[in-house]
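Let's take a walk through this model together. Keep the sequence and the 3D view side by side as you read.

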Amino acid sequence: MSIGFAPLVPIPLIWAMVVIAVIVAGFALWRGLAGWALRGLALAVLAFGLAGPEWLRADRRALDDIVIILDDRSASQELGERKAQTDAALTHLEGRINAMPGMALRRVTLGDDPDGTRLAHALNRAIAAEPEARLAGIVLLSDGQIHDGDALPDTVPAPLHLLLSGEPDDWDRRLVIEEAPGYGLIGEAVEIILRVEDQGVVPPEVAGQAGLQVNIDGGAEGHVTIPTGVSFRLPVTPRHGGANVVSLRLDPPGGQPPQLTPRNDAAALTIMGVRDRLQVLLVSGEPHAGLRSWRNLLKSDASVDLIHFTILRPPEKFDGVPADELSLIAFPVDELFTRRIDDFDLIIFDRYRVRGILPPVYFDNIRRYVEQGGAVLVSSGPEAVGIEGLSMTPLGAILPARPTGGLIEEAFRPELSALGKRHPVTASLPGAGSDGAEPRWGPWLRLIEAEVRPGGQVVLEGLGKPLLILDRVGEGRVAQLMSDQVWLWGHDLAGGGPQRELLRRIAHWAMGEPELEEEALEIAIVAGDAGTMLHINRHTLADGVGPARITAPDGTAVEVTLTPDRPGLFTGQAPAPEDGLYRVEQDGLSRLVAVGPAAPREFEETVASPDLLAPLVEASGGGILHLADGLPELRRIRGGAAHGRGVAGPWLGLVERGAETVTGMRAQPLLPAAGWLIVLAALMLGAWLIEGRGRIWPAYRR
Amino acid sequence: MRRTNAPTRRAILAGLTGYLVGSAGPRAQDRGAAVGAGFDDEDIDPQLIAAAGQFALAHVLTGDADVDAVARAGLHGLSMQLAARTTVEPGPVLGIDLDHDDIAPLSVLYWPVGDAQAPPSARAYLMLDRWLRNGGLLVVDTRDADVAGLLPQSAQGGPASRLLAPLDIPPLAPVPADHVLRRSYYLLDSFPGRYDAGTVWVEAAPENTGHPLGGARNDGVTPVIIGGNSWAEAWAVDESGLPLHALGVGFEAGHQRELAYRFGINLVMLALTGNYKSDQVHVQAILDRLGQQEAAP
């Protein structure tokens, strides 16, 4: 309650009146007027009354205290019993708070975010939205695994209580990739540094070591047992150019209780295989017109080291020119075919004629080289039909075509065989006419007749006879071209043809380039309007393929029918709604792809822990309780400890803030105008009586 | 190749029309038209098949009967020497009419130029250009080294420059001391023919590389060799294999003919193997890079 003024006349006038009153009263005192005090007082009352004094009275109302409940509903809160725990805790708290008079409840629900659990941001927003003076307390329902800890405030204006979900014996094992190389030389091991991390209370029977399955490109599984908790160097060897997908998966650890989730137990890494310079050995039986085509092709390829030998002079010819006038050197056969043969990625025999230069033992060695993973390409000329042909050597046993002795010397156009239209080496060669257009390849003029052994893949034909035959021998590959005239394409005879491209593809197929594999399963991840899709490309030589089976990160599997796209290619697609590792299997081929991170951030750390939030909780005076220990009571407190343990169990305090609001203001004059008049009149009358003859006040008598 | 029959000519002409058009699309169509849906034996000259199947030396028919006869005899002589000494065993010599014959199957073409020859057609030049780009080797013999001392010492003067001007020939330079032509089979200091006086010109090495054959096109192998030593006359033999032309007297004469044959063999080896013998220099380094230290034989 307070007093205000509502002046009836301007304030200066009132002040003037006060001054006059003081002067008049002073003069009256000096002159000895008996009623000076009453007269001065009357003037003062007049001035005060004119100033319009009034009582001011405010209307007030008490406000509810606010409690914020922030429940974390991110994916890690779905693990185990956490969802039920959280639901139960929420119902309990809501009931208690609603039963308290003068309490208002604010609920904030936190969902998944690509960056994990962004609890700090949600907390800051919720606090900023409420008046500080009314905040009685904040309750967090979470597993404590938040991913924006940097954004946590230093303190909050009310006790912050953390109710942790999860069981005390929760544990989880996870795979952590500490370091993975992006690139690696083909055939040389690179090291992936990884660690198996156990969190929580690990059952003793499974602690200490973990089994790890290693798989490259969906091939055979390797298995290693590694100790947990320490960095482990895992050597991995890229086998081919391009993407080598290494998938790592921990064995299910078992133990009781089981670990929280297997979703952080796997990882897929892509290591781009790059070739060191390819070592290609080209052996020409004699200089001929097509030899420079090989040289131009191989020497213009920056990734190839070409080692070329041509027999310029056969042993039986001798012109008597002294050696120091000749630019010839001996063919280092032993060097090439015994000691260094395994260093070559590809050996090309170009019109090679057996002249007694290479003893059979060397051909045996070349055969062994192929069977152990080497590659040989044979381009046959007219020598192939004679007894000096390569098919008469021990190498002939692994060549896919054997000359019958026929030599056709006439113009013919090489054509794709039915298989060749599907085979990646020859399919989509420009000008082949495989896309319905008129074939426009130029002619070749010589063909070695040959019969193909079982297993040989005829991809090019001339005059209906096999022209280019591909085959696999042991771990190696062999390609055989039954003509030496591919160079005519390079010389543009009657239009020419894709000589370089064909030779390049044959050579790269022989060296196992993945894009030229006959049976291949490729998965591309495409983000589109309809969400992330897996595009499945299945290259095959078969007429049809079965459905692809796609296993999502959560273990559910769907089958996708693959439809023909073009000869040799079947395609299909499937949605990939969530992040994680997808396994695509089809006809025994298997590919693993990672959509987003292999383990979403939510599943990196799963065991409930108060550590991240503890400093803030402590600073705010709140308490940390485990839901597994039971549900807490709530108490109103006015100060002191904000949490504690009562007879029935733990309790959490909510501060009574006692906030009020002013709803209105009322003003009441101190005295009504008539009242002022009476007071004034009384004072004046009093003065007059004192001064007058009536002498009411004997003391004033004179 | 002289007796080119009519269908082949039509086919070649149609194909060449394609070259003139220039852009890829129409040219491809013309090729299709020229080649047709298949090949009959009559469509392709049997000599072409032979030339493609077995390496053969060829010379340009100049229209001067004497020059053509000498060229033929010379290439025949060189073919016999190749067959006797090397793994290259050429077939019969071909005479090429640039206006009518397709030179795509050839690897090396000998062109004895003279004042009498009329320039070939524009189509022939286009075909030659294309052939050189695809790795052909054109050997131009001005046959004037005996008198060249009286004339400007340059291959750019005289009938050769008149006939070669329309061709897209790179800048030329005298054969460098380390050029592969000097060691593609024999080690050579000079390139004598009937004369041993003229400068022989090859594609100039690009300035920026230290290598004499640093050009990227065709692995840097020179597309032309131009000289005036009248090599065909030194190589020429008659039916019985005896030399047709005298080269000085005595031992010197025989030695010069031997050197001329050695040059011819180097020439053919250059055409067929490119700068293989430059490789050979690097083989040791490459073998060493394979991780082994022992010397190659």
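Start with a pair of residues facing each other: Ile637(A) stands opposite Val655(A) in strand E36(A). Strand E36 covers residues 650-655 of chain A, and five bridges join it to E34(A), the two running parallel. Two strands count as paired if DSSP finds at least two bridges between them. Helices (H or I, at least four residues) and strands (E, at least two) are DSSP runs, numbered from the N terminus. In general, strands of a sheet pair through backbone hydrogen bonds, either parallel or antiparallel.

Before going on, some housekeeping: this is a predicted model, where local features need pLDDT of at least 70 and side-chain atom pairs count only at pLDDT 80 or more, while totals for chains, interfaces and linings use all residues. Residues are numbered from 1 along each chain as its sequence is written, chains are lettered from A and ligands numbered from 1 in the order in which they are written, and side-chain values use heavy atoms, leaving out hydrogens and water.

Now zoom out to the sheet. It's an open one with three strands in the order E34-E36-E35 (chain A), and its pairing is mixed. Strands E34 (633-637) and E35 (643-645) of chain A are at the edges with a single partner strand each, so one side of each has no neighbour in the sheet.

Next, the aromatic rings. Rings of Phe, Tyr and Trp (its six-membered ring) pair if their centres lie within 6.5 Å; planes under 30 degrees apart are stacked, over 60 edge-to-face, and the rest tilted. That rule gives 14 aromatic pairs over all chains. Take Phe48(A) and Trp676(A): their ring centres are 5.6 Å apart and their planes are at 75°, so this pair is edge-to-face. It links distant parts of the chain, with Phe48(A) in helix H2 (residues 36-50) and Trp676(A) in helix H11 (residues 673-691) of chain A, 628 residues apart.

Are these two buried or exposed? Buried means under 20% relative accessible area, exposed over 50%, and partly exposed in between (1.4 Å probe, protein chains only). Phe48(A) has 35% relative accessibility, so it counts as partly exposed, whereas Trp676(A), at 16%, counts as buried. Elsewhere, ring pairs link Phe337(A), Phe349(A), Tyr352(A) and Phe363(A) into a cluster.

Finally, look at Arg504(A), which lies in helix H9 (residues 499-510) of chain A. At 29% relative accessibility, Arg504(A) counts as partly exposed. Arg504(A) and Trp294(A) are 210 residues apart in sequence and 9.7 Å apart in space, C-alpha to C-alpha.
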